[in-house]
Amino acid sequence: MDIRTEKPEDVEAVRNINILAFGRENEAKLVDRLRGIASTFSFLAVQADRIVGHIFFSLVAVEGKCSSNLSILGLAPVAVLPNYQRQGIGTLLIQHGLKECGRSGVQAVVVLGHPDFYSRFGFIPASRKSLKCEYDVSDEAFMVLELENGALQDCSGTVKYRSEFSLCE
Ligand SMILES: CC(C)(COP(=O)(O)OP(=O)(O)OC[C@H]1O[C@@H](n2cnc3c(N)ncnc32)[C@H](O)[C@@H]1OP(=O)(O)O)[C@@H](O)C(=O)NCCC(=O)NCCS
């Protein structure tokens, strides 16, 4: 299994993975809208020359008390082709993505998802770092991971995703 950065010729495969994994087009369209915007990361899982998984990160903003220099991204979406799920591919994509984000100077990552899954990577409820989600979601579903120790120490407020996210609901 190889995890690598998305290339221009991967666009169609990425669209397919998201449509098949989520069973709808919203996430595929979201990635199409976000692609190319500054501070995004897109990685693929490739097995025997077949693209089987995809993960995307994009910049979020904190409305509240926070350093304007804070580099914080949202992890969304992550998708693995149905026939390839539960084989550790999602885990590899998330681990690789977080490592690369950290290497690029990203200080924290938020995610909206299943707490049992994301806690494996060190995510904790964002409320414990005084951050809340702009959407009406349960406290434990909105999580954050500091990639730089103490990055969120003097930070509090509401995390806002880019407007492209609301277009995709
Ligand atoms: C979520 C997803 C990316 C995980 O990828 P994966 O390759 O299957 O994940 P891994 O094999 O690394 O890890 C499997 C673990 O993921 C968790 N998991 C997978 N799908 C899950 C789901 N729908 N809800 C909750 N947990 C889930 C399980 O805890 C599982 O652990 P287990 O096998 O010990 O029970 C993949 O299942 C997928 O594409 N799902 C559809 C799209 C989606 O829901 N994306 C996430 C949005 S937050």
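Reader: In what order do the seven strands of the open sheet stand?

Author: Helices (H or I, at least four residues) and strands (E, at least two) are DSSP runs, numbered from the N terminus. Two strands pair if DSSP finds at least two bridges between them. Here the order is β1-β2-β3-β5-β6-β9-β7, and the pairing is mixed. The model is predicted: local features need pLDDT of at least 70, side-chain atom pairs count only at pLDDT 80 or more, and totals for chains, interfaces and linings use all residues. Residues are numbered from 1 along each chain as its sequence is written, and side-chain values use heavy atoms, with hydrogens and water left out.

Reader: Which are the edge strands of that sheet?

Author: An edge strand pairs on one side only; here these are β1 (2-5) and β7 (124-125).

Reader: How many bridges join β6 to β9?

Author: Five bridges link β6 (residues 108-112) with β9 (residues 142-146). The two strands run antiparallel. V109 has L145 of β9 as its bridge partner.

Reader: What is the strand order in the open sheet of three strands?

Author: That order is β4-β10-β8, with mixed pairing. β4 (61-65) and β8 (131-133) each have a single partner strand, so one side of each is left without a neighbour in the sheet. Angles run from 0 to 180 degrees between N-to-C directions, and axes are lines fitted to C-alpha atoms, for helices over the stretch in contact. Ignoring direction, neighbouring strands of this sheet are turned by 25° against each other on average. β4 and β10 (residues 156-160) run antiparallel and share five bridges.

Reader: Which residues are closest to the ligand?

Author: A residue is near a molecule or strand if one of its heavy atoms lies within 4 Å of it. By that rule 17 residues surround the ligand, and the closest are V80, R86, G88, G90 and T91. α1 (11-22), β5 (72-80), α3 (89-103) and α4 (115-118) each supply at least two residues of this shell.

Reader: Which backbone atoms lie 2.7 Å or 2.8 Å from an oxygen atom of the ligand?

Author: A polar contact is a pair of N or O atoms within 3.5 Å; within protein, one must be able to donate a hydrogen and the other to accept it, and residues adjacent in sequence count only if both atoms are side-chain atoms. A backbone N or O atom of G90 is 2.7 Å from a ligand oxygen. For a polar backbone atom of V80 the distance is 2.8 Å.

Reader: Where is P77, and what is its peptide bond like?

Author: P77 lies in strand β5. The peptide bond from A76 to P77 is cis, with omega near -5°.

Reader: Where is S39?

Author: S39 is in the loop between α2 (26-34) and β2 (41-47). Its phi is near 60°, a positive value in a residue other than glycine.
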